[in-house]
Amino acid sequence: MANYIELTKFIKKNINIEDKDLKIVLSYFKTIKKSKNDILLSNGKNSQVSYFVKKGCLRLFYIDEEGKDVTRYIAFENQFATELVSFITNEPAQETIQVIENSELLYITHDDFRHLMIIVPKWRDFYNIYLEKAYVNNSKRLHSFTALDASERYKQLFKINPNIVKRLPNKTVASYINISQETLSRIKSKI
């Protein structure tokens, strides 16, 4: 289970789970390595997999009605990533999941995820906590877009998640905080 150390820590940080139940949960996760720019899920396909990032980075993005690339979520090490709406509803995804850095991932299928909620009741607790955190994060991002100007959004991002600014190209950072690359360059030059 050495391959699952990070996932084990993540799960135990969120729920109190007995070792026997944890072993059952971990047995449903598989390992996969993906290269930079690989597409894990294309817009329009059903999201049937949830990923846990052991090493690397994933991003969820969509193309808006003006053809602009909009990054909605970025997952680094020790974070989950899936197109959650599609994962829950089994409807076609509105977003694409792309590998941003060469990555080592653990993944679980939708069916296995749901099965675990039946056979390991604590997994339902984990899922509820995951959903609550996703809701809070999305609400905070939406608030930042309506209440903060571009410079304030950049400063907030740097404070909350400096990895995004330090590890990712300006194009991705700008897309994530919904500003142009030119605006991002001006902001960075003033700070």
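In helix 6, Ala-150, Ser-151 and Tyr-154 meet Thr-183, Leu-184, Ile-187 and Lys-188 of helix 9, where contact means heavy atoms within 4.5 Å. By class, the residues of this contact between helix 6 and helix 9 comprise four nonpolar, two polar and one charged; here Ala, Val, Leu, Ile, Met, Phe, Trp, Tyr, Cys and Pro count as nonpolar, Asp, Glu, Lys and Arg as charged, and the others, Gly among them, as polar. The model is a predicted one, in which local features need pLDDT of at least 70 and side-chain atom pairs count only at pLDDT 80 or more, while totals for chains, interfaces and linings use all residues. Residues are numbered from 1 along each chain as its sequence is written, and side-chain values use heavy atoms, with hydrogens and water left out.

For orientation, angles under 35 degrees count as roughly parallel, over 145 as roughly antiparallel, 65 to 115 as roughly perpendicular and the rest as oblique. The axes are lines fitted to C-alpha atoms, for helices over the stretch in contact, and the angles run from 0 to 180 degrees between N-to-C directions. Helices (H or I, at least four residues) and strands (E, at least two) are DSSP runs, numbered from the N terminus. The crossing of helix 6 and helix 9 is right-handed, a term used if the near helix is turned clockwise from the far one by less than a right angle, with anticlockwise giving left-handed.

Helix 1 (residues 5–14) and helix 5 (residues 121–147) cross at roughly 85 degrees, and their axes come within 10 Å. Helix 1 and helix 5 are therefore roughly perpendicular to each other. On the helix 1 side, Phe-10, Ile-11 and Asn-14 meet Trp-123, Phe-126, Ile-129 and Lys-133 of helix 5. The residues of this contact of helix 1 with helix 5 divide into five nonpolar, one polar and one charged.

The other partner is helix 4 (residues 110–119), which packs on helix 5 at an angle of about 125 degrees, with the axes 5 Å apart. Helix 4 and helix 5 are therefore oblique to each other. Phe-113, Arg-114, Leu-116, Met-117 and Ile-119 in helix 4 meet Pro-121, Trp-123, Arg-124 and Tyr-127 in helix 5. The contact of helix 4 with helix 5 has seven nonpolar, no polar and two charged residues.

Two threonines come next. Thr-82 sits in the loop between strand 5 (80–81) and helix 3 (84–89). Thr-82 is buried, with a relative accessible area of 4%; buried means under 20% relative accessible area, exposed over 50%, and partly exposed in between (1.4 Å probe, protein chains only). The side chains of Thr-82 and Ser-47 are joined by a polar contact of 3.0 Å. Such a contact is a pair of N or O atoms within 3.5 Å; within protein, one must be able to donate a hydrogen and the other to accept it, and residues adjacent in sequence count only if both atoms are side-chain atoms. A polar atom of the Thr-82 side chain also lies 2.8 Å from the backbone oxygen of Val-49. Leaving aside neighbours within four places in sequence, Thr-82 is in contact with residues including Leu-60, Arg-72, Phe-87 and Tyr-130.

Thr-96 belongs to strand 6 (residues 96–109) and, at 11% relative accessibility, counts as buried. Its side chain reaches the backbone nitrogen of Asn-43 at 3.2 Å. Beyond neighbours within four places in sequence, the contacts of Thr-96 include Ile-39, Leu-41, Arg-59 and Phe-61.

Asn-170 is placed in helix 8 (residues 170–176) and, at 28% relative accessibility, counts as partly exposed. Leaving aside neighbours within four places in sequence, Asn-170 is in contact with Gln-181, Leu-184, Ser-185 and Lys-188. Most residues other than glycine have a negative phi. Asn-37, although not a glycine, has a positive phi of about 80 degrees; Asn-37 is found in the loop between strand 1 (30–34) and strand 2 (39–41). Asn-178, also not a glycine, has a positive phi of about 60 degrees and lies in the loop between helix 8 and helix 9.
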